[in-house]
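Subject: Structure for you to look at

Hello,

Here is the structure I promised. Please open it next to the sequence, then read my notes below.

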Amino acid sequence: MPGQRADARRNYARILEVAEAEVSTHGADASLEQIARTAGVGSATVRRHFPTRQALLTAVFHERIEALCERARKLEEAQDSRAALLTWLHDLLAYAVSARGLADALTYEPPTRDPRHDSCGAALEAAGTPLLRHAISDGSVKETVTFHDLITLTVGIALATEQHPGAAEQADRLLRLAVDGVSPRSTAH
């Protein structure tokens, strides 16, 4: 925001602060008009700073998404590529369950050949894809698994469990179940 007037910087900060609270309460469908009213600005001011709902959600989740991306970069050094990938997916799931609206925000970003580079999904894809590629290259994950498969699975679990008591534990259990499968390993076919 360098070069912006002081009042524009204050408006941006206030809108973002209010948006974080509204998204935390109402999820990704938080009312932009309510955000504007609570921030004490007009709807046009909100739209000037955040031209789309996705732009607003990206700003709301920016710091935590960056932390997840940094976590992925650190996990790239792990010896066990499968464990590194699963650790990162569990971290992503825990955040998606605890930060109401993130899972919804990621559903606004269907897989494309040209993802927006400043979006939550694009940042997560850039960070998580090396973990997946490493796990595929050493044979610990099927080569047909895509990053979008993993995000869809994680987002689906987060959305399915967000209203449950003990949502984090339930989500973690379901991810483990999805990864391990439903059949005991010792069962012969």
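A salt bridge here is a side-chain nitrogen of Lys or Arg within 4 Å of a carboxyl oxygen of Asp or Glu. Keep in mind that this is a predicted model.

By that rule, R47 and E33 form a salt bridge, at 3.3 Å from N to O. The pair links distant parts of the chain: R47 sits in helix α3 (residues 43-49) and E33 in helix α2, 14 residues apart. R47 is partly exposed, at 37% relative accessibility. E33 is partly exposed too, at 35%.

The structure has six salt bridges.

- R14 pairs with E17, with the closest N and O atoms 3.5 Å apart. Both are in helix α1, three residues apart, about one turn. R14 is partly exposed at 32%, and E17 is partly exposed at 49%.
- D172 pairs with R176 at 3.0 Å, N to O. Both are in helix α9, four residues apart, about one turn. D172 is partly exposed at 23%, and R176 at 45%.

The largest nonpolar core has 56 residues. Which of them touch the most other members? They are I35, F61, I65, L85, W88 and L124. Helices that each supply at least two core residues include α1 (6-26), α4 (53-75), α5 (81-98) and α7 (120-137).

Take a look at W88. Leaving out residues up to four places away in sequence, W88 touches L68, R71, A72, L75, L124, G128, L131 and F147.

Best wishes

Key
Residues are numbered from 1 along each chain as its sequence is written. This is a predicted model: local features need pLDDT of at least 70, side-chain atom pairs count only at pLDDT 80 or more; totals for chains, interfaces and linings use all residues. Side-chain values use heavy atoms; hydrogens and water are left out. A nonpolar core is a set of buried Ala, Val, Leu, Ile, Met, Phe, Trp, Tyr and Cys residues joined through side-chain atoms within 4.5 Å. Buried means under 20% relative accessible area, exposed over 50%, partly exposed in between (1.4 Å probe, protein chains only). Contact means heavy atoms within 4.5 Å.
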